[in-house]
Amino acid sequence: MPSFHIQQFGCRATQADGAAIERQLLDRGCVPAPSGSDADVVVVNTCTVTSAADAQARDAIRKLHASNPTTKIIVTGCYAQRAPAELAALPGVSFVVGNSHKPQIPNLISSPIPNSAPDFVPAASLMEPSVFSFVGSPHAPILIGDVFDQHHLLVAPVLGGESNHTRPTLKIQDGCNNRCAFCVIPFVRGKSRSLPPETVIAEIRNLAATGYKEIVLSGINLGAWGRDLSRRQDFLDLLRQILDQTPVERLRLSSIEPLDVTSDLVALFASSPRLAEHFHMPLQSGSDKILAAMRRWYRSEHYARRIDFIQEQLPHAAIGADVITGFPGETEADHAATVNFIDSRPFTYLHVFSYSVRPGTRAATLPNHVPPAIIKRRARELRALSEKKSREFHRTQSGRRLSVLTLRHSDSTESTEWTPALSSNFLKLRLSGQWQPNQLVVAICPHDSESLARSEQFDQFATSVCSAGL
């Protein structure tokens, strides 16, 4: 069987897809390779949320081909779904597989990849998904179809510790029914669809039985889970079922829309130490004018109320946000409104995105696009603000006893003096001493992120958390 390597880009949902492919390939007897240059086949799992993400994927493909021209490169993911012909034209690419056909990748890898094959490209724009046909192409074969006709979620068999994951990701929802003006993701992932609750429970039980302490639930629009099922389900009820019916020791949400963060949801988090005190809620802008232009479903006051819900019941919770700077028509006053909104509230970190045109989106047709130099400057200001908020949050946690999960070192040079760890409220700490990954530990938060946290291992998570008063 061939050796393989998976190179990941993008969000946790994309990473979950890649890890599920990895699990399937391992089950078929394929052999993992330590790097792309050592593999017979490399799967490049792409993101297309920004033009920078596209460029990053193209650069990775060129480097893979240069390092080993005999390696077969299969490109998949959101960029592959959006612009397959661009990728098929790159040297070294053997197949381009859209999200629509991602489940077929194990069949491509576990059987010989032909040197030539019928080539397929969509005749219509991806923004018109109802009229797909196939025509010839001089480049690599393309497998692509209508993502709006997809019903599967690429999750089973569920991933475990592949690719050195200490905290496995379970994707329980895919696609999105919203149409934010800047976002191409609904057009490359399709409509919202959910993993049935009994499957979610079974997968989490399997992961917990394997020994994983923390599981991350992910989705493109996680709070929309269950709305598409034949018997409509509620995300809050699913969380209750997971707590009641599985032994998972810590459950973390990847990202959730602000309007799905209700007082009842926060109350559930406050009631159970098994739910990580961490809310990542996309903000995008603190200007109501820009939020309206973006076609977001809330205004700054609604978002602020969600922060109030969290602060009232979980005063030590991490609150993160995505922010887009330079959206068409964004003035200096709009940018200032975003900076002021963030600065005056207890955010703990930001993911800052510089706006880039995504073909087929409504924002691409808007007037008054912001010059790149101004976007760069605003992004720099927001990233500086993010660093400031992170330092402030760390200071508020100094001296507290935190429940942390030990992680693997991110590089091959493993320190024997400290071990990376992640707290329930998303503080990234350096734990004094050498610890095996996937251990729950009580640690005293140091005064700054460069110091080492003092720690004490424990076996009974719930009991220890209660006795420590966390």
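Which helix lies across β13 and β14? In this predicted model, the element in question is helix α11, residues 300-313, and its direction makes an angle of about 165° with β14.

Let me turn to the strands themselves. β13, β14 and β15 make up, in that order, an open sheet of three strands with parallel pairing. The edges are held by β13, residues 278-280, and β15, residues 349-354; each has a single partner strand, so one side of each is left without a neighbour in the sheet. On average, and ignoring direction, neighbouring strands here are turned by 15° against each other. Between β13 and β14, the latter covering residues 318-325, there are three bridges, and the two strands run parallel.

Setting aside residues up to four places away in sequence, F279 touches a list of residues including V261, L265, F269, I310, L314 and I319. The largest nonpolar core contains 52 residues, and F279 is among those with the most contacts inside it, together with I172, L217, F235 and F347. The greatest contribution to this core comes from helix α8, residues 235-245, which supplies six residues. Another core lies apart from it, with 24 residues, among them I61, I73, A88 and V96.

Finally, I would draw attention to K389, in helix α13, which spans residues 372-397. Is K389 buried or exposed? Its relative accessibility is 4%, and since buried means under 20%, K389 counts as buried. Beyond its neighbours within four places in sequence, K389 is in contact with I342, D343, R345, F347 and T348.

Key. Residues numbered from 1 in each chain as written. Predicted model: local features only at pLDDT ≥ 70, side-chain atom pairs only at ≥ 80, totals over all residues. Heavy atoms only, no water. Pairing = 2+ DSSP bridges. Helix = DSSP H or I, 4+ residues; strand = E, 2+ residues; numbered from the N terminus. Axes fitted to C-alpha atoms, helices over the stretch in contact; angles between N-to-C directions. Contact = heavy atoms within 4.5 Å. Buried < 20%, exposed > 50% of the residue type's maximum accessible area, 1.4 Å probe, protein only. Core = buried A, V, L, I, M, F, W, Y, C linked by side-chain atoms within 4.5 Å.
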